[in-house]
Number of protein chains: 2
Amino acid sequence: MEFYNSTMRKNGLDDTDRQILTLMQGNARISNAEIARQVGKAPSAVLERIRKLEVNGVILGYETRINPKALGLGLTAFTYVHAEDAVGSTRSGRELAELPEVLEVHHTAGQDAYLIKVRVGDTEDLGKLLRKIGSIDSVRDTRTTIVLGSVKETIELAITNDTQD
Amino acid sequence: MEFYNSTMRKNGLDDTDRQILTLMQGNARISNAEIARQVGKAPSAVLERIRKLEVNGVILGYETRINPKALGLGLTAFTYVHAEDAVGSTRSGRELAELPEVLEVHHTAGQDAYLIKVRVGDTEDLGKLLRKIGSIDSVRDTRTTIVLGSVKETIELAITNDTQD
DNA sequence: GCTGAAAGTGCGTACTG
DNA sequence: CAGTACGCACTTTCAGC
């Protein structure tokens, strides 16, 4: 059993780290100096914390969200891919991950099933992609749900100051 | 029927814009000067383009990807939420979007169904969340798929130089 | 739409407490 | 770990093409 004080809790993140993460989450291009002002610390101290968050794997990366429609990718879909991998293998998953239209590949608790998120131009492109996926050896069948519209789409996580561990 | 030349194609994005987007997509904190060097233009010209991409809605934002486990959010799940909204309404969708554990809310082609992506700490949290969702008036039932592991998870889109429109 | 110059600001290092 | 100081690099604006 470990004990934590009010500023140093789970995973070694203290309140300042959480403030930094909250600021950067919604605006990855915020300047270091601006973060420093808002958390009330020196820029050098903030920079050191950010570097540490990066090397410790807390910050995984900085991504620019591009409007898919601007690139002609107006159709989003989710597809369950039923595969026949050897036990413990994610071979099919890795093959799926190589396709640029496939943005996410999740191994699910269903029997050897992957849930993938894809973005393509139109239903014709989707058809082509599904045929390509279907032609992968270990893939048995697929079941696709087309997205009509997205009400919310973010990677921002709730950063709480829970006293709970 | 419109005509485009080799550097000005769909949506008014030329090759330089696509280079900029490609560079920023994988590293939102890249400096303006570094982009300028890589695309072979003056920093001021690059800055002007970025601003234009922002106001034109091509760039939707800059996000920091945080390791969910570092925040105690080790469980990802996808849930189909079957709702009874009035025709054309996304009332349930907007209510779902307000929950911080819910990262994505997609309206699907299924009968009044939403597909949502959620991140929580553990199965107990998931249970709580599903009860909360179930208590929304217009929500009829839910069906959840738990993610065992994610092989790929990105928002990066394929930026091609297709001659095709 | 791009360049280049100029002014302001921020960054990253070194060093101190 | 945090703060100060400093030189260099970067950002941003603007005039001119």
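Biologist: Which residues is Thr108(B) in contact with, leaving aside its neighbours within four places in sequence?

Modeller: This is a predicted model, and in it Thr108(B) has its place in strand E3 of chain B, which covers residues 102–108. With a relative accessible area of 1%, Thr108(B) falls under the 20% cut-off and is therefore buried. Leaving aside neighbours within four places in sequence, its contacts in chain B are Ala113(B), Tyr114(B) and Leu115(B), and those in chain A are Thr145(A), Ile146(A), Val147(A) and Leu148(A).

Biologist: What is the area buried between chain A and chain B, and which residues of chain A lose the most area to chain B?

Modeller: The size of an interface is often given as the accessible area lost when the parts come together. For chain A and chain B that buried area is about 6000 Å², and carbon and sulfur atoms give 59% of it. On the side of chain A, 13% of what is buried comes from three residues together, those that lose the most area to chain B, namely Arg29(A), Glu63(A) and Lys152(A).

Biologist: Is His82(B) buried or exposed?

Modeller: His82(B) lies in strand E2 of chain B, which runs over residues 75–83. Not counting residues up to four places away in sequence, it touches Gln111(B) and Asp112(B), as well as Ser138(B), Val139(B), Arg140(B) and Asp141(B). Its relative accessibility is 15%, and because buried means under 20%, His82(B) counts as buried.

Biologist: In what order do the elements of chain A run from the N terminus on?

Modeller: Chain A holds five helices and five strands. From the N terminus on, these elements follow one another as α-α-α-β-β-α-β-β-α-β.

Biologist: Why is chain A described as more spread out than a compact globule, and what is its radius of gyration?

Modeller: For 165 residues the globule rule gives 15 Å, and the value for chain A is well over this, so the chain is more spread out than a compact globule. Along its principal axes, the C-alpha trace of chain A spans about 55 × 45 × 25 Å.

Note on methods:
Residues are numbered from 1 along each chain as its sequence is written. Chains are lettered from A and ligands numbered from 1 in the order in which they are written. This is a predicted model: local features need pLDDT of at least 70, side-chain atom pairs count only at pLDDT 80 or more; totals for chains, interfaces and linings use all residues. Side-chain values use heavy atoms; hydrogens and water are left out. Helices (H or I, at least four residues) and strands (E, at least two) are DSSP runs, numbered from the N terminus. The radius of gyration is taken over C-alpha atoms; the globule rule is 2.2 Å times the number of residues to the power 0.38. Buried means under 20% relative accessible area, exposed over 50%, partly exposed in between (1.4 Å probe, protein chains only). Contact means heavy atoms within 4.5 Å. Buried area is the accessible area (1.4 Å probe) that two parts lose on being put together, summed over both.
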